[in-house]
Amino acid sequence: MEPERKRSAALHTCHPCRRTIPYRIYAIIHTCGIISLMYNHAHSLATADTTLTTSLLLIADVVLAFMWATTTCLRFNPIHRTEYPNKYVAKPKEDFPELDVFICTANPYKEPPMMVVNTALSVMAYDYPSDKISVYVSDDGGSSLTLFALMEAAKFSEHWLPFCKKNNVEDRSPEVYFSSKSQYWTDEAENIKRNYKHNIVHEYVDIQNNRYTLKQTMYEDMKKRVEHVVNSGNVDTHHFTKSDQFYDVLDLWTNNNFTHHDHPTIIKVFYHSNSFHFKPVLLNNETEIMPNLMYVSREKSRATPHHFKAGALNTLLRVSSVMTNSPVILTLDCDMFSNNPRTPLHALCYLSDPKINSTLGFVQFPQKFHGINKNDIYASELRRSFVINMVGFDGLMGPAYAGTGCFFNRRAFYGPPTNLILPEVDELGPNWIADKRIKDHDVLALAHNVAGCNYERNSNWGSKIGFRYGSLVEDYYTGYSLHCEGWRSVFCSPPKTAFYGDSPKCLIDVVSQQKRWTIGLLEVAFSRFSPVTYGVRSTGLLTGIGYCQYAFWAFLSIPLVIYGFLPQFALLYGVSVFPKPSDPWFWLYIFLFLGSYGQDLLDFVLEGGTCHGWWNDQRMWLIRGFSSFPFGFIEFTLKTLNLSTHGFNLTSKVNDDDKQSKRYEQEIFDFGHSSTMFFPITMVAIINLFALLYGIYGIFVWDEGLVLELMLVSFAVVNSWPIYMAMVLREDDGKLPKNVCILAGIFACFVVVAGFFVLK
Ligand SMILES: O=c1ccn([C@@H]2O[C@H](COP(=O)(O)OP(=O)(O)O[C@H]3O[C@H](CO)[C@@H](O)[C@H](O)[C@H]3O)[C@@H](O)[C@H]2O)c(=O)[nH]1
Ligand SMILES: [Mn+2]
């Protein structure tokens, strides 16, 4: 009776995955296999005269074995969780904590302001007491276009929020709801569209667009206005009346010295539940106050480092401390709109649980993307990183922080659970009670002050307090640092997806994004806080080694290069580097290959993937291994030697090339850019193709075929199929540029000649 009652009171439960025990048993067997292989290499080093090839294979296999170990740590105790938000809802509304939402944006052309608007509206409309939500938008682009869009969003929200709540709308991003994508369309939508357009019709819409018809919707009106302003590149004062509260703000931008990396702090408050400037809006027939919406563009100066997104988030952390200081913080990228209005309740099932919340730092939701093609050719879902590993981490210290879709306990930013580190002023501490009106002069003055570009000088911000600086993957680094301090985290993946974001839809964007991650991860790997040393000590062996999988993933290039060239040379010169079929060691290779690939496939399928999706995913690992990783490594080295600087290259979220979108839909690879990034992979593909042809010929000539070499090369050729297609068989804009192909061909010849000296 007793346990039953306990369970019914619990807000969440967790259960280990069924694969755990078989996985552990298999891990022992596979480890024995790896040890035997190492023994075999050591033996041939000592006895045979193939020192160079054996050493190369040994290096490759050591890296692969290490990678396998990092994955195995995350397979040690995978768990799944379920939470019961309905039990949470039963609580009195007064007990719901306040929620600060941070949305980052940085460039109105790569991140269209309408995208920011939709993300903001989707969270403002959460099924949560509206007066407890404050949305802070950080604009690192310092753009009046984004400010204008948010002003429009604030006005629209007065209609959108009551509408959503009254009709229980599921898609609270208006773009999704008003598009045919929504399954939840109701007649009510037509209504809101019709009613609204009489409210706000700006003059210029008439002027600009005299085809303005009664059918146009309010949302579409707003969208038009915003897009018009974005296209024209600036906001004219004629969009406002003199009495408009933002009339003066725009003056800032007319100042000639204003550029996006040199400008003063701009903070604008659109709604403020604890002041009386705005009339309360009726929601659900009760008077409920609208959520707060703030625009924050921190001060920028070329002379001061701004630490990219981490810097933006720390500014929001301080500004929000001064204004609302909610105990719970949700961080979002501007493309990540809410798809589930009850998401905060799911997070609160953990964050409010007194049994765990004293050490619970954050609740991470999975990163999911919309518009991915059927079999996800670019592996944009990143299922291993964002799902499989998260489930694995969850049974240890908890999932890594993914940069977006994460609810934080504000306290976690201020030192370890047992040791509160207070910032410079009381108003910035997690325990400060922000009870003044947001628009009060001293609140705004302090907010401006803490958003200044020199505010962090000689402080703990970025090292001991807030989001961590020093890596281009501030998300990974911050989550990892919190785990090192003793904070735990939880992976929360409700059946209805919490957020959807945008993922790159063109290969060059995919590999460039991963190059940035590679650089950021190497920065952590080679820092004082490297997971192999510091991480293992502070978070325990399994979590520490698990974190190494990311930190050192660029090292995967080493075995890829060795296995991408050596067996190929072997075929071309008729020399064997692997054991022959008559040799018992032959079977060890087969076992290790099938074992690790098989387990990877199993992981993938058990966490909801498909076989075809897995195939594409493993192919992308090969592509990254020859593009993002080596190029990232080079840039990291140059930066370490102070020979170059690299910034945060924003991923573009605009897909306006119709032909390219069509190719993406049809799952055709898009190279289409004369980029050096594709040079190595093209070269490897060429060499493998020739090695395969020559190897097949060899079957008839050599007395004992080079079976393993041939199998490996066939595998590579099958994987390279899209590259051959893009080289010769295609004529569209997405094909591989001629100069890349020719150059790769010439280099391939040189490399093959060089291979002669490795083997002979
Ligand atoms: O100087 C900057 C640079 C970026 N951003 C914001 O950071 C977010 C992520 O940028 P994006 O180009 O979308 O990066 P992705 O590679 O798509 O993002 C992944 O990787 C990043 C770390 O490299 C994480 O911060 C992200 O959360 C994670 O989704 C966006 O909202 C940007 O507006 C800023 O606010 N200031
Ligand atoms: Mn992104």
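Me: Why is Asp333 called buried?

Reply: A residue is buried if 20 or more other C-beta atoms, placed from the backbone, lie within 10 Å of its own, exposed if 12 or fewer, and partly exposed in between. Asp333 has 26 C-beta neighbours inside 10 Å and therefore counts as buried. The model is predicted: local features need pLDDT of at least 70, side-chain atom pairs count only at pLDDT 80 or more, and totals for chains, interfaces and linings use all residues. Residues are numbered from 1 along each chain as its sequence is written, while chains are lettered from A and ligands numbered from 1 in the order in which they are written.

Me: What makes Lys309 and Asp333 a "binding site"?

Reply: The name comes from an unreviewed UniProt entry, which lists both residues; positions are given in the numbering used here, feature names are shortened, and annotations may be inferred rather than shown by experiment.

Me: Which residues does Asp333 contact, leaving aside its neighbours within four places in sequence?

Reply: Asp333 is in contact (C-beta atoms, placed from the backbone, within 7 Å) with Cys104, Gly403, Thr404 and Gly501. Lys309, with residues up to four places away in sequence not counted, touches Cys104, Glu474 and Phe648.

Me: Which residues come nearest to ligand 1?

Reply: Among the 24 residues around ligand 1 (C-beta atom, placed from the backbone, within 6 Å), the nearest are Cys104, Ala106, Asp333, Gly403 and Thr651.

Conventions: Two residues are in contact if their C-beta atoms, placed from the backbone, lie within 7 Å.
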